[in-house]
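Here are a few notes to read alongside the model. Have it open and follow the points in order.

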Amino acid sequence: MNREFRWGIIGCGIIAPKFFQALENTSEGHVIAAASKSLHRAKRLQRKLGIEHVYGSYAEMLDREQLDAVYIATSHNFHFENAKFCLERGLPVLVEKAFARNAKEASEVIALARERKLFCMEAMWTRFNPATIKLRELLRDGAIGDVQHLRAAFCVHMPPGMKTMPWNRMYSPRLAGGALLDIGVYPIAYARMIFGGPPIRMSSSAKMTWTGVDKTSEYHFEYSGGRKAELIASFVEERPREAVITGTHGIISVPHFSGAARLVITRSGYAPETIECEAPGFEYEIREVHRCLREGLTESPAMPLDETLETMRTMDALRAQWGMKYHGE
């Protein structure tokens with residue numbers, strides 16, 4: 001139980017420091033190495049965080065370091081090749097969401113992980129936050145009866161100048177940019193968690209950037225029994241980032257659902273009840289990876305690979321409705 005896990009990071013962008021600090025907060029391991037295709041970027045991260053070893057080559061890091069797991073923190077278009085690269089060398093991986101560009105890539109990575117009997121998980125950090133765990137308990141116990149409807153929005157407003165910068169990742173088809181993979185995956189995965197399966201019918205719409213990726217996209221899902229989900233993602237609009245789950249006997253509101261710290265339950269005839277939860281963070285998903293590695297599990301029961309693949313297939317179907325493709329597909 002006192003084992004300290006030795007992590008490597010592939011990709012030295014803005015998400016890497018968040019993972020580094022969260023891992024330190026767990027007191028269960030350390031990032032001992034990081035690699036980027038740019039040694040300059042890797043060294044900049046080293047100066048910022050004090051990582052022991054950094055490399056300008058992924059292969060060099062994997063060849064030189066004794067690692068227990070690798071966190072894939074590159075842009076979406078590289079997740080497929082980076083995850084395969086690690087799995088082929090016998091290393092468990094935690095792959096930042098979205099897991100890949102499309103279901104074909106995701107399926108190949110999953111098949112390889114299962115063939116090699118190696119741990120693999122999508123880094124859907126929201127799934128492991130205390131508020132999400134509490135929500136799942138409430139729904140399982142019938143706190144609001146049978147779920148009938150979900151409304152969820154993940155919208156942010158980028159600074160005006162960022163919208164025209166050609167190197168902005170969100171605008172780049174080459175980097176699999178757009179709202180869908182970056183932030184739309186959150187409400188889509190949330191709906192999958194709540195309804196227990198993919199939609200049986202879906203319709204959608206998207207507003208596109210001048211580069212050909214979605215800046216705002218809306219998804220309308222239908223499930224058996226007339227249940228529905230209304231979802232939206234955008235990086236040019238500002239809306240309350242919340243989820244509202246309506247059941248036959250009440251409503252659960254989740255303010256800032258992707259990083260929630262509380263839930264509000266409203267039942268007919270009763271005053272609203274607020275449930276405060278521990279603060280969200282990457283720490284919970286990291287502890288889940290460690291738990292699985294200790295117990296010899298190759299998948300997390302809370303974030304199984306089949307569910308990740310279903311979400312990728314749903315996003316493929318949505319893109320097909322808009323005729324949107326990423327570079328290289």
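1. Start with the open sheet: six strands in the order β3-β2-β1-β4-β5-β6, with parallel pairing. Strands here are DSSP E runs of at least two residues, helices are H or I runs of at least four, and both are numbered from the N terminus. Two strands pair if DSSP finds at least two bridges between them. β3 (53-55) and β6 stand at the edges with a single partner strand each, so one side of each has no neighbour in the sheet.

2. A word on the source: this is a predicted model, where local features need pLDDT of at least 70, side-chain atom pairs count only at pLDDT 80 or more, and totals for chains, interfaces and linings use all residues. Residues are numbered from 1 along each chain as its sequence is written, and side-chain values use heavy atoms, leaving out hydrogens and water.

3. β2 (residues 29-35) runs parallel to β3, joined by three bridges, and Ala33 sits opposite His53 in β3.

4. Next, look at helix α8 (residues 283-294). Just after α8, Gly296 has a positive phi of about 75°.

5. Finally, find Glu237 in the loop between β10 (228-234) and β11 (242-247). Is Glu237 buried or exposed? Glu237 counts as buried because its relative accessibility is 18% (buried means under 20% relative accessible area, exposed over 50%, partly exposed in between, with a 1.4 Å probe and protein chains only).
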